[in-house]
Structure formats: structure tokens, C-alpha cells
Amino acid sequence: MTKPNIAEMKVLVVDDHMLIRCDLERQLKGMGCAHVEQASNVKEATDKMAVTPYNIIFLDWNMPGKSGYHLMQQCRQDNNYDGTAFVIVSAESEERYIIEALKAGATSYIVKPVAEGTLQEHVNKVIAWMERRAEKARQPA
Amino acid sequence: MDNIRDMKSFVSDIVGRTMADTFDTMFGRDISGWKSGDGLAGGDNQDICSRVTLAQGPVQVEFRFQFAQDLLLAIANESYSIDTLKLPIDAICEDMACAVANVVGSRVKAFLNGRGYDFEMDIPIVTGAQGDASNEDGAAHLNFKCRTPGGADAGILVNIRMQEQAARA
């Protein structure tokens, strides 16, 4: 059994703020993640997603134009993204937003600003989710 | 639910604490020694200003942030390699100013909504140099000092305006 390994994962960070994208990329690379790409809006993200099958997508909720939440909802209707982890990274800290995102299929939810330890915790959560999915897939129907 | 005028002191306090927490988490900078002070005065041409507004019906709470460009540049240089970003310096500083406004505005919104309000927040924008708002009714001002990597102190000013528009007859 191969454990999901962050070093081998393809990761996309979608946020309209360069500062947030660069900070997340820097932290992810610090964890050993070699393949991190950035998109500054949903259009750019969908273009990249059409070419690369990402394992984890970090998505800002509020962005000019289409929201990250909307993109995640769309992807959760599409079986091609069943194995993709969506992590909402938003400054919205109200419980109602967190519940709404998790109900809509977010694997995890991080409130900005993102401290180093916090990101690691959520990456661990994502890896545990991937392991549970792999375990389920191995069980006989 | 509190009266808008009663909100002034605790909104100032939550902005102060959120700014300090944001600078610590995002940039590893201590700006915890803020104080209430004079309004945003004129502004330097080199200053970078951003604004975000919370609104609930006729009640508006506007936050205007004014950062010394040197400070934002120094932080950006230290945290990221600016050359590799291949972006104009202004764009980098404006992005940082709006990212801070977004975090602080959202945190205040969550705090107020937790007290029974139902505020919505717009997307932060970059504005020109601020006018002097020191004498405005319902305005509060916070001054922060942040040490640059060179050892100098640079200023950050936050102007908070609370307004309640009168209902039409």
C-alpha cells in the first residue's frame, strides 16, 4: 500500500492576491511539495485544470468574477474530480461559511492569514482523507 | 445589538488586534504597540492606500489603510524574491495592501456579525492618498509602527469611519 505523499502531488493555488499565492507556494514547497502552480482567478484555474490533474486545489472563496466556492461546487458535480481535494482558503471566519463549504464538498477550510503550522495540519487532514478514499476503494463492494 | 456610536471603541480594538495578528502571521512583524491617533493626514505620494467597506442597510463601516511603500517593499523583499515575481513594484505593494484589508475587514465583519449584525463586505480596492479625516464624526484612527529590515520605523495608519445614513421620509 502506497501512502499519499505530498512530495509527489500536483497542487494548484487559486487566489486573486499574489501575496497569498506566493505565501502558500512557499509553505507547500517547504513541506516538500515539488509541483505547485498558481492561478489568480477561476478562468485561469479552469484552464490549468483542463491540462493538469491536480491532487489538491487551494481555493480562495471571494475573488473578482467567479468565486472559488462556485468552482468547487461545479467540480463536485463532475466525477473526474472525485479524488481531488479542495481546500477553501478564505478570510471569512464565520461558522456559517465553513459549514456551507464543507457541505458543498470542501475537504478542508483554512481561515486567512495562514500560519505555517496551520497549513501543515490541513495538509495532514487532506492526506488522511485521501487514505480513507483509497481504503474504501480497496474494500469489496 | 449595539448602537453604531457604541461600536467605535470595540471596532477600533478589534482592528488593532487583527492588524497586529495579521502582520505577525503574514510577515513575522510585531506591530502590537498601536495607539489611537490623528486621522490620515494628506499622505505621502509614496504611500499605498487600500479601502474596504462593511455595509448593513444604512450602516456603513469603512476602513482605510495607509502603508509606507518602503515598508511594504522591504517586507516583500524579505518574504519573496521580488525579481522573480516579474511585477511592477506598485502592483506588489497594492496587492499586499488589499490582502491586509481583506483579512482585517473579514475579521471585523465576523466579530460584528457574532454580535447580532448582518454585515456584508465588498472586495478591497486600492485608493489614492487619503484626505484628512481627523475631525470627522464617527471616525477613529489607529497608528502603528513597524520596524523595517533596515532598522527604521515605518508607519501604518488605519482610519475607521462609521456612518448611518438617515432613512428617507
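Colleague: Before we get to the chains, what makes two residues count as being in contact?

Modeller: Their C-beta atoms, placed from the backbone, have to lie within 7 Å. Keep in mind that this is a predicted model. By that cut-off, 18 residues of chain B are in contact with 15 residues of chain A.

Colleague: Which elements of chain B give two or more residues to the side that touches chain A?

Modeller: Helix 1 (4-27) and helix 4 (89-113) of chain B. Helix 4 of chain B gives the most, with 11 residues. By type, the side of chain B that touches chain A divides into 11 nonpolar, 5 polar and 2 charged residues.

Colleague: Over in chain A, how do you know that strand 1 and strand 2 pair?

Modeller: Pairing takes at least two bridges, and strand 1 (residues 10-14) and strand 2 (residues 35-39) of chain A have 5, in the parallel sense, so they count as paired.

Colleague: Why are strand 2 and strand 5 of chain A called edge strands?

Modeller: The open sheet of chain A has 5 strands in the order 2-1-3-4-5, with parallel pairing. Strand 2 and strand 5 (108-111) each pair on one side only. Strand 1, by contrast, is joined to strand 2 by 5 bridges and to strand 3 (residues 56-59) by 4.

Key
Residues numbered from 1 in each chain as written. Chains lettered and ligands numbered in written order. Predicted model: local features only at pLDDT ≥ 70, side-chain atom pairs only at ≥ 80, totals over all residues. Nonpolar A, V, L, I, M, F, W, Y, C, P; charged D, E, K, R; others polar.
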